[in-house]
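This report goes through selected local features of one chain, element by element. The sequence and structure come first.

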Amino acid sequence: MKSTSAGGVSGYTESYPVDGIPENSGRFVVRGGARLAGDVVLAGAKNSALKLMAASLLTPEPCVISRVPRITDVFTMVEVLRSLGVAVDFEGDELRIAAGDGLSDCAPYELVRTMRASIVVMGPMVARLGRATIAMPGGCNIGPRRIDFHLRGLEKLGARVEIEHGFIKLSCDRLRGAVVPLDYPSVGATENLLMAATAAEGETVIENAAREPEIVDLAEYLSSMGACIEGAGTSSVHVQGGRPLHGTQHQVIADRIEAGTYLIAGAVGAGDVTVHGLEPHHLELFLTKLHLMGVEIQEGKHSMRASRSGPLRPVDISTLPHPGFPTDLQAQVMVLLSLADGTSIVTENVFENRFVVVDELNRLGAGITTSGHHAVVTGPRALTGTVVEAPDLRGGAALVIAGLVAEGSTEIRGAHHIDRGYEGFADKLTALGANVTRVQADETPLARTTGASARTLR
Ligand code: UD1
């Protein structure tokens, strides 16, 4: 595979070509019926690591970030940083990023279109350079994901914003602190503004800020670089800007969405799974809902165990910004609800089009109907394996989980969606006792395989 790296890189072999993630990158094959039991050591949070990488642009000095997940979204962000002239070294789970003094002011379309999260380089770039040109982002197929809050907020801090030929152009003489009220507690907008505000003269107050644990992690990272931030994790974040930022070292928080995914994977087959590395309060409402469904939860200081011996009960779920139920676990939990005896209503309040996986779950035997942003999940249903297509990252994980309890084999195509956010997904599930294989794009399809020809990639 052609790499875009600038050389001098060791230990980083999964470079993506500059034209993005391959569309047909293989599939997962799952043979259902295994009971999952055991322990999972969680990787670092994707949604934090990507932002810490962007924040590293705020200083010319080297920054070292550990517990970085080896997933394609991180590889894409590595390429985004390199395209800006930044030196990046990715060894094991440790990233070393040195933005230096020759930072480019243009993030290319070929990379930004493959991952919406690349838009978080906007705030640090305008903070460092006083200008930035960034392609309009792409990303998951879960509704029209706008960036108006990011842009309005940056304008409040003094940036001029122009949109031309699919590119956003930002410029300013100097950013100035301001009160920035967000229409909605957008995670990405809070992060972009937080990073830009570290360079803005005087005080910035982000009101109605997102309260996700990843925002707190970013604020801690920026503080360790010398920024002055108060209130991260609350809806009012105060930044005293204009201080010079320096290099730092930091460990990414564990991935709460990965944690929830494995806890559900265990619960669907009446298993017993413990995830390690995460403080349970990051998943409070999710754990409460599992408990209400009949899953026994045991919390440690940095671990959570979910086990089940009895039947599942239906519960209603409404996704909301943190500390509400995470939208990134909505698809996976619908599999569990499909096995519960009764009717559950799932309301998606964060993204439009986030029920795109429902048709595929129904092809496996689930009984889910949708109307607008509500889904009615009727159970218990016996699932049966077939060939399905992952529509996006979390929907893809939900289909793999459904395959764990489906009779026979399930082939989940579009594995590149799942690779975006789960490090070693097949390996971790296999270690818990699942029969899951990651198959290359050019290998024999399920219809013609005996099961023995499937080859594990990682
Ligand atoms: C982040 C996460 C994603 C998670 C989401 C909500 C990353 C890389 N991704 O996405 O996994 O599902 O938070 O927890 O961290 N919106 C606007 N205008 C804007 C910004 C957002 O209308 O300027 C809308 C979006 O269309 C969406 C909602 O606000 O409907 C939430 O978006 P936001 O919180 O910004 O999510 P992301 O940061 O994109």
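## Helix α2

The model is predicted. Just after α2, Gly85 has a positive phi of about 90 degrees.

Of the 12 residues in α2, 11 are buried, which leaves the helix mostly covered. The buried residues are Thr72, Asp73, Val74, Phe75, Thr76, Met77, Val78, Glu79, Val80, Leu81 and Arg82. Their packing partners are the helices α1 (46-55), α3 (109-112) and α13 (415-419), together with the strands β4 (87-91) and β5 (94-98).

## The four-stranded sheet

Strands β4 and β5 belong to an open sheet of 4 strands, ordered β4-β5-β3-β14 with mixed pairing. At its edges are β4 and β14 (249-251), each of which pairs on one side only. From one strand to the next, the twist averages 15 degrees. In general, strands of a sheet pair through backbone hydrogen bonds, and the pairing is either parallel or antiparallel.

The strands β4 and β5 run antiparallel and are joined by 5 bridges. Within this pair, Phe90 stands opposite Leu95 of β5. Helix α2 lies across both strands and runs at about 155 degrees to β4. Helix α7 (residues 213-224) also packs on the sheet, where it touches β3 (62-66) and β14; the directions of α7 and β14 make an angle of about 160 degrees.

## Two helix pairs

Two packed helices are described by the angle between their axes and the distance between those axes. For helix α4 (residues 122-129) and helix α5 (residues 148-156), the angle is about 20 degrees and the axes are 11 Å apart. Angles under 35 degrees count as roughly parallel, and α4 and α5 are therefore roughly parallel to each other. The crossing of α4 past α5 is right-handed. At the contact, Met122, Gly123 and Val126 of α4 meet His150, Leu151 and Leu154 of α5.

The second pair is helix α8 (residues 256-268) with α10, whose axes come within 10 Å and cross at roughly 15 degrees. This angle makes α8 roughly parallel to α10. Here α8 passes α10 in a left-handed crossing. On the α8 side the contact is made by Ile257, Thr261, Ile264, Ala267 and Val268, and on the α10 side by Gln332, Val333, Val335 and Leu336.

## Two loop residues

Is His322 buried or exposed? Its relative accessible area is 15%, and since buried means under 20%, His322 counts as buried. This residue is found in the loop between β18 (317-318) and α10 (330-338). Leaving out residues up to four places away in sequence, His322 touches Arg211, Glu212, Pro213, Arg256 and His282.

Asp173 is found in the loop between β9 (167-171) and β10 (179-181). With a relative accessibility of 75%, Asp173 counts as exposed, the cut-off for that class being over 50%. Asp173 and Arg131 are 42 residues apart in sequence, and their C-alpha atoms are 8.7 Å apart in space.

Methods:
Residues numbered from 1 in each chain as written. Predicted model: local features only at pLDDT ≥ 70, side-chain atom pairs only at ≥ 80, totals over all residues. Heavy atoms only, no water. Buried < 20%, exposed > 50% of the residue type's maximum accessible area, 1.4 Å probe, protein only. Contact = heavy atoms within 4.5 Å. Pairing = 2+ DSSP bridges. Axes fitted to C-alpha atoms, helices over the stretch in contact; angles between N-to-C directions. Parallel < 35°, antiparallel > 145°, perpendicular 65-115°, else oblique. Left-handed = near helix turned anticlockwise from the far one by under 90°.
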